[in-house]
Amino acid sequence: MAVVSLLTDFGARDPYVAAMKGVIASRCSAAIIDLTHEIAPFDVFEAGWFLRSVAPQFTGERETARPAVFVAVVDPGVGSGRRILLAERGHHRYLAPDNGLLSLLPRRIERMYSVENRAFFLPGESTTFHGRDRFAPVAAALASGTPAAEFGPAIDPGSIEKLPYEPPSYDTSPVIGTVVSVDRFGNLITDIEAGRLPAVGHVVLGRHTVTRGATHYAEVVDGPFFLTGSAGTLEVSLPRGSAAEMLQIARFERVEVHVGS
Amino acid sequence: MAVVSLLTDFGARDPYVAAMKGVIASRCSAAIIDLTHEIAPFDVFEAGWFLRSVAPQFTGERETARPAVFVAVVDPGVGSGRRILLAERGHHRYLAPDNGLLSLLPRRIERMYSVENRAFFLPGESTTFHGRDRFAPVAAALASGTPAAEFGPAIDPGSIEKLPYEPPSYDTSPVIGTVVSVDRFGNLITDIEAGRLPAVGHVVLGRHTVTRGATHYAEVVDGPFFLTGSAGTLEVSLPRGSAAEMLQIARFERVEVHVGS
Amino acid sequence: MAVVSLLTDFGARDPYVAAMKGVIASRCSAAIIDLTHEIAPFDVFEAGWFLRSVAPQFTGERETARPAVFVAVVDPGVGSGRRILLAERGHHRYLAPDNGLLSLLPRRIERMYSVENRAFFLPGESTTFHGRDRFAPVAAALASGTPAAEFGPAIDPGSIEKLPYEPPSYDTSPVIGTVVSVDRFGNLITDIEAGRLPAVGHVVLGRHTVTRGATHYAEVVDGPFFLTGSAGTLEVSLPRGSAAEMLQIARFERVEVHVGS
């Protein structure tokens with residue numbers, strides 16, 4: 001049985017997510033899982049980074065993982081000419097508008113399609129809610145075993161929209177990266193992969209220099225410190241407080257990692 | 001396998017929804033789906049309009065849709081003499097307190113029952129949480145195939161409580177309707193069905209007149225505009241901002257649609 | 001099919017819950033149910049009381065209840081030496097860090113294990129996210145039928161961490177208890193079991209004395225009143241308003257119940 005997981009900026013209060021679930025649940029027996037619906041409205045980067053973070057847990061390295069269908073709808077361009085993308089890797093599939101959301105996926109996409117076959121869309125569909133009218137019925141059909149090629153033509157994976165994101169270079173000193181998210185605990189999560197660094201000396205964030213490192217949160221009782229976070233990237237944290245608030249650092253700010261002993 | 005979907009004003013933080021899920025999940029193998037639990041406390045209209053918006057996606061037009069059991073618990077009268085209603089249409093069922101919540105459903109209910117058979121309720125039930133003690137075990141029994149008539153006597157569908165809501169009349173000019181919800185994007189959603197209007201000239205909301213129309217959100221880059229929303233009704237939107245805030249319009253305000261060219 | 005239910009302080013916006021779901025859903029076919037993810041960050045008491053409140057609905061008194069696997073991750077000590085506990089009662093299991101969370105469970109735990117077998121953990125696991133790297137794969141293995149003893153050594157249930165919580169004594173007059181939670185409606189929920197009291201005369205909360213009692217919420221139209229809440233304990237409520245705000249009472253405040261006629 002496939003796993004259909006949903007990622008949107010629709011929030012919990014409006015009927016949009018429920019409508020998508022209705023279309024999916026009434027048409028197939030896949031498990032339906034919420035990734036999040038609390039993406040900030042229209043924040044394609046946040047959605048893309050979220051998907052990048054969690055997709056590997058669903059697809060795993062294991063051949064035995066259940067087929068995953070990711071449905072990511074952060075879609076300010078709904079109803080315009082933007083394409084709907086269907087990406088395929090192994091027996092897993094990703095559906096998203098062609099607005100850069102899929103450009104952050106860490107792994108190579110094997111095949112990419114443009115979803116255009118109207119036979120799979122809801123009859124009488126709207127121009128304002130493709131999540132319900134196109135994404136959901138296509139997801140249900142994918143979960144039921146319909147081959148990806150039935151939904152539209154194969155396209156060049158290199159032709160999709162990209163977000164203006166540059167991964168860190170590990171050849172420079174210091175290594176320069178980006179704060180890619182701030183979590184509910186106020187941890188500042190960067191894109192600098194700890195495994196690719198020699199020993200970290202200190203971390204510079206805005207006007208602040210963080211010199212203390214740790215291996216887990218409970219190790220430090222006061223003051224900001226850096227550690228390797230759950231994504232394998234460098235993270236700056238504050239014991240039982242918000243590092244983001246204390247240091248006044250927000251997403252997209254630059255971070256420098258200086259090699260040290 | 002049936003689909004049991006839950007709609008409440010219980011929020012995400014308290015144990016009420018989880019308790020209902022425990023009763024259902026331990027007693028049947030139905031898929032359990034959250035519609036929303038963020039209905040404003042005691043807001044029966046919001047719950048009823050939400051259910052009206054999403055139920056058709058679950059029940060579809062298709063004979064093949066999985067059996068749906070809707071459980072809607074916005075229930076300020078819990079423990080009083082108010083009835084619990086079980087509405088049936090085809091092989092789909094709706095459970096809700098008799099407080100008007102079901103009166104907004106767009107489609108004809110075929111059979112209506114009053115849920116009274118205590119054999120289906122939890123032993124030692126409370127007077128304060130029928131969601132867990134009555135609705136949940138009845139939903140589990142429905143999902144397991146128990147016929148509706150076993151839960152209590154058939155009643156006249158015309159005898160249920162109604163909300164003081166009047167749908168628009170399409171015979172007048174202008175057509176007068178109501179803002180029935182404001183979504184997280186600040187879109188003002190009305191109950192005026194676009195398909196029943198000739199060309200829309202302009203829309204009047206409070207002191208404002210909206211003269212620009214569009215077919216999808218991304219078409220307009222500034223200023224408020226009207227379009228046909230995902231429910232098929234007229235909607236007033238603002239590009240990447242809240243029309244509700246800009247125009248200072250809230251739910252239940254009157255909207256006038258003037259026919260034009 | 002087992003039911004895996006998740007209780008965390010991870011919130012709805014970050015990718016942590018989704019990552020846990022990915023590990024579980026890709027490895028087993030259990031139903032995955034959200035209890036809540038809105039526990040206040042690091043609030044072990046809130047998590048423990050929540051679990052205490054809802055676990056009986058999943059496990060029931062019924063031999064026929066589906067196997068339940070509870071995964072409770074409120075874990076400020078992640079990566080430190082704190083143990084991961086696996087508690088067993090009948091065919092139901094509870095996973096939580098050894099920080100007191102499980103000490104509030106109302107029923108006798110039959111067997112307790114320390115989860116230490118690294119063969120069940122994700123390869124390359126982090127020191128910051130055991131929810132994904134240890135709890136989730138262990139939950140999936142439990143849901144797939146792996147016996148509890150395979151995860152680590154049996155330990156003395158009396159050796160686990162306890163929270164500094166004292167249940168009420170029913171021998172004193174007045175009976176002294178605690179406000180254990182405040183729900184979204186502003187109800188003040190105490191730990192005093194109504195069934196163990198003779199008739200309640202009045203309730204003292206801070207500077208306030210509540211003299212009116214009721215059997216259900218809709219019975220009273222103004223002013224605070226007490227009733228037996230859904231947990232079977234005494235609760236103080238305000239009609240369509242927040243008793244907590246009106247009386248300025250928060251969690252952990254003392255409550256006195258005076259016996260009366």
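User: How many residues of chain B are in contact with chain C?
Analyst: Contact here means heavy atoms within 4.5 Å. By that rule, 35 residues of chain B touch 31 residues of chain C. Keep in mind that this is a predicted model, where local features need pLDDT of at least 70, side-chain atom pairs count only at pLDDT 80 or more, and totals for chains, interfaces and linings use all residues. Residues are numbered from 1 along each chain as its sequence is written, chains are lettered from A in the order in which they are written, and side-chain values use heavy atoms, with hydrogens and water left out.

User: What area do chain B and chain C bury between them?
Analyst: Buried area is the accessible area (1.4 Å probe) that two parts lose on being put together, summed over both. For chain B and chain C that comes to about 2,700 Å², with 56% of it on carbon and sulfur atoms.

User: How many salt bridges are there between chain B and chain C?
Analyst: A salt bridge is a side-chain nitrogen of Lys or Arg within 4 Å of a carboxyl oxygen of Asp or Glu. The count for chain B and chain C is two. R13(B) and E46(C) form a salt bridge, at 2.9 Å from N to O.

User: Which helix of chain B gives the most to the side that touches chain C?
Analyst: Helices (H or I, at least four residues) and strands (E, at least two) are DSSP runs, numbered from the N terminus. On this side, helix α1 (residues 16-27) of chain B gives the most, with nine residues.

User: What about chain A: how many residues does the contact take from chain B?
Analyst: There, chain B puts in 31 residues and chain A puts in 35. A salt bridge joins R184(B) to E38(A), with the closest N and O atoms 3.8 Å apart. The elements of chain B that give two or more residues to this side are β2 (31-36), α2 (44-59) and β12 (225-228). Of these, α2(B) gives the most, with six residues.

User: Why do the copies meet through different surfaces?
Analyst: Only 3% of the interface residues of chain B are also interface residues in chain C, so the surfaces that meet are different.
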